[in-house]
Amino acid sequence: MTKYIFITGGVVSSLGKGIVAASLGRLLVSRGYKVSIQKFDPYINVDPGTMSPFQHGEVFVCEDGAETDLDLGHYERFIDTNLSQINNVTSGSVYQTVINKERKGEYLGATVQMIPHITGEIKSRLIQAAKKDSPDILIAEIGGTIGDIESLPFIESIRQFRSEIGLQNSMSIHVTLLPYLPTSGELKTKPSQHSVNVLRSYGIQPEMLVLRTQIPVGKNEKDKIALFCSVNKDCVIECKDMKSIYEVPLYLEEQGIVTQISKILGLKEKESDLTSWENMVQKINHPERTINIALAGKYTELNDAYISVVESLKHAGFENNTKVNIKWIASEEIQNMEDTKNLLKDVDGIIVPGGFGVRGIEGKLKVIQYARENNIPYLGLCLGMQCAVIEFARNVAGLENANSTEFNKNANYKVVDLMEEQKNIAGYGATMRLGSYPCKLSKNTKAYDLYGTDLIYERHRHRFEFNNDYKDLLVENGLVISGTSPDGLLAEIVENPNCDFFIACQFHPEFKSRPQRPHPLFRGLIQAAIKKSENQLQKIGD
């Protein structure tokens, strides 16, 4: 049967439980185990789809269209698999399901309570995930911090579930922080002791502790924590801060984490094959060159809002032995082309990511105009494609003040608009195009050259589309539509052939990039940026 590993966190939030879960998944996959990872989030939102990126960071979209927590992006990237709706569970989705069942009379008139109904629904999600993928090991990360009132139903569900399936078939890993006091030069263990005590008060004794720390943890501190928390000394695992998240699996491997997990769960000890991962980390730590990529967005105050974009840029950099420095550009602060020139004069490439709403749009248009006029490699994602179409319509095709109806419903030239079947949709909880859709590529285009095939599948998250009423005019003026829906009705990729690299897509390629298999569009951007950088250096040398 499937073995279960439950990961909780204590002392403070944002400890990196998601990276620990993803890293552990990578180590198990490297041993030939089939692994799935599930995230349980305690917030009442049904999903993060309607949440501001400032609140919760990026909304990660799965193949089936599920709008999920950004940790699912880490999971997919580290274990190199596609997850789905069942892998992201929120309190809101649980409560919604239970209430719907109650309204339908499925509880036969019973008083609906936290126990057994809410906890029962949570446990059923664990079972569903195990049935769907039939993994050897299911890792379940519980969001929040132990002691939070919101996460109590999940903790209680774990306690019940472990008793029901047998303790030999599951284990608890508690991730805690060891604060370092530089004035005394000490790592303090007391907060971790208290955190474990709280977890034990809920009926769960962790079999393993993962200690987040700035500096190496000494033997005395490990022994002390093991003693006070009733954990085997060999199961007190150090996880210090690393330069790159992709180093974490290797560091945990050095700690012998999988050996101890195998003993606890009765798994056969298998040899790992981390050679390719080690080679990748070698490239990360010893790049041959550095390039600068400008990321012009409206949520740049919180880098997690664009985390998949950032990681995708890094992936393409790894493959090309290149360190990618990201220059964050707050598009709403750009007032004129002089501002744009000053901000972009030292960059080798530009990316405009997705987003919603009118704030910062005019700044993005100026960034795109600068990229087009100065032949700077450009990649537009979702909104970045819509803005590229608007900029081209205004400044090349002569459609003055062309716009999207998302930003100006009364625009004279609505080059981006809702499709007819979308105009009567109420609410924002689900968009019309969400998840994986096919795209047909035209030969003799940059997109076809990058993908090397004429049919691709990419993930979407948007409602507004390229308006085909302006298709002929824009094409006549030089815009190339290199990718469309198979029926040809929806523009998916546009290019400007007058630039060395100018591609924009309606989908989100960042959701499919992997550290050892970068996405073709990001690979193309980075390679074009490297070429531009090298040409610039050659000019300086001459």
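## The sheet

Nine is the strand count: an open sheet of 9 strands has mixed pairing and runs in the order 13-12-14-15-23-22-21-18-19. Strands pair if DSSP finds at least two bridges between them. Strands (E, at least two residues) and helices (H or I, at least four) are DSSP runs, numbered from the N terminus. Strand 13 (322–330) and strand 19 (455–462) are the edges; each has a single partner strand, so one side of each lacks a neighbour in the sheet. From one strand to the next, the twist averages 25°.

The model is predicted: local features need pLDDT of at least 70, side-chain atom pairs count only at pLDDT 80 or more, and totals for chains, interfaces and linings use all residues. Residues are numbered from 1 along each chain as its sequence is written, and side-chain values use heavy atoms, without hydrogens and water.

## Edge pairing and a packed helix

Strand 18 (residues 433–441) and strand 19 run antiparallel, joined by 8 bridges. Leu434 lies opposite Arg461 of strand 19.

Helix 15 (residues 383–395) packs on the sheet. The strands touched by helix 15 include strand 14 (349–352) and strand 22 (491–495). Contact means heavy atoms within 4.5 Å. The direction of helix 15 makes about 115° with that of strand 15 (378–381).

## Two crossing helices

The axes of helix 5 (residues 114–133) and helix 6 (residues 152–165) come within 9 Å and cross at roughly 70°. Axes are lines fitted to C-alpha atoms, for helices over the stretch in contact; angles run from 0 to 180 degrees between N-to-C directions. Helix 5 is therefore roughly perpendicular to helix 6 (65 to 115 degrees).

Notes: Angles under 35 degrees count as roughly parallel, over 145 as roughly antiparallel, 65 to 115 as roughly perpendicular and the rest as oblique.
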